[in-house]
Amino acid sequence: MTVPHPSLQPYIDAWTQSIEAISELVSSLVDGEWNRPTECPGWSVRDVVSHVIGGECEALGDPRPIHTLPRDLFHVVDETTRYLEVQVDVRRHHTGPEMTSELEYVIIRRSRQLRNERRKPDDLITHPLHGQIPLADFLTARVFNVWIHEQDLRRALRQPGNINSPAAHIARDVMLNKLPKVVAEHAGAPKKSAVVFDVSGPVEFLRTVRVDEDGVGSVDRSPSLGPIVTFTMDWETFTRLVCGRTKAKRVADRLKVEGDSELAERILASFPLAH
């Protein structure tokens, strides 16, 4: 019997729990609930589920749908969003039962593929959106994507849960690893400065993003004595802000900002990190 590389198993388990939670969430939806808007611009509950299905179909190597997008989709703004929208728009007229059965089928196929995974974590795979990427990084990206969209669906359907699941902790690390680029490059934090993120709640952490004398960012666990900006918020607010699900002014009661307000605004404006 083939067993995946031990270091891949936590990612497979986290993915499994999160995508099965999505399947359970949508299994009993009535027609109107499929059309409920989510915090993803332009996407309904049906669209988010379509995106998750499409992502797993591509991980399986299924051919992409041949489909021409309508011209009036305001949320399609670049090549990446255009690419992602094809898998979504092609399912826009699918019924609830069609959606749930396709999701269940893709979970079965993908679970079988992952159970039989013979490749090593650092083996490169080729993906149309990511290019060449190590298998472990690709699996991490799938866990992140599925968990973020599980939370999108939970908020839209008012069914909170799994905010502290194994996938949530993997998603946390993905978001933290992207912060140095946001702070140092996109927001242009000054050299030899530090920005602190103090996050409370079920997933709790304090991280410092440091910009060195060459303008290169890094993130670590040690506190900074004189941060230029400190953001204090709860875990759900952090994920919603970082992934572009809300704007700072909408969650002002759950977000405390201290220090250089102009830099803080540039950092907040440099999100989102996820589609």
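**Close-up views of a predicted model**

Figure 1. R154 lies in helix α6, which covers residues 135-157. Apart from neighbours within four places in sequence, the contacts of R154 are A21, L25, Q159, P160, G161 and N162.

**Figure 2. Packing of helix α1 against helix α3.** Helix α1 (residues 9-26) packs on helix α3 (residues 45-59) at an angle of about 140°, and the two axes are 12 Å apart. The pair α1 and α3 is therefore classed as oblique. The crossing of α1 past α3 is left-handed.

**Figure 3. Residues in the contact of α1 with α3.** From α1, the residues W15, I19, I22 and V26 meet V49, V52 and E56 of α3. By class, the residues of this contact are six nonpolar, no polar and one charged.

Figure 4. The whole structure was searched for disulfides, and zero were found. C57 takes part in none, its nearest cysteine sulfur being that of C40, 18 Å away. C57 counts as buried, with 9% relative accessibility. For C243, the closest cysteine sulfur is in C40 at 9.1 Å, which is too far for a bond. C243 also counts as buried, since its relative accessibility is 2%.

How values were computed: Residues numbered from 1 in each chain as written. Predicted model: local features only at pLDDT ≥ 70, side-chain atom pairs only at ≥ 80, totals over all residues. Heavy atoms only, no water. Axes fitted to C-alpha atoms, helices over the stretch in contact; angles between N-to-C directions. Helix = DSSP H or I, 4+ residues; strand = E, 2+ residues; numbered from the N terminus. Parallel < 35°, antiparallel > 145°, perpendicular 65-115°, else oblique. Left-handed = near helix turned anticlockwise from the far one by under 90°. Contact = heavy atoms within 4.5 Å. Nonpolar A, V, L, I, M, F, W, Y, C, P; charged D, E, K, R; others polar. Disulfide = S-S within 2.5 Å. Buried < 20%, exposed > 50% of the residue type's maximum accessible area, 1.4 Å probe, protein only.
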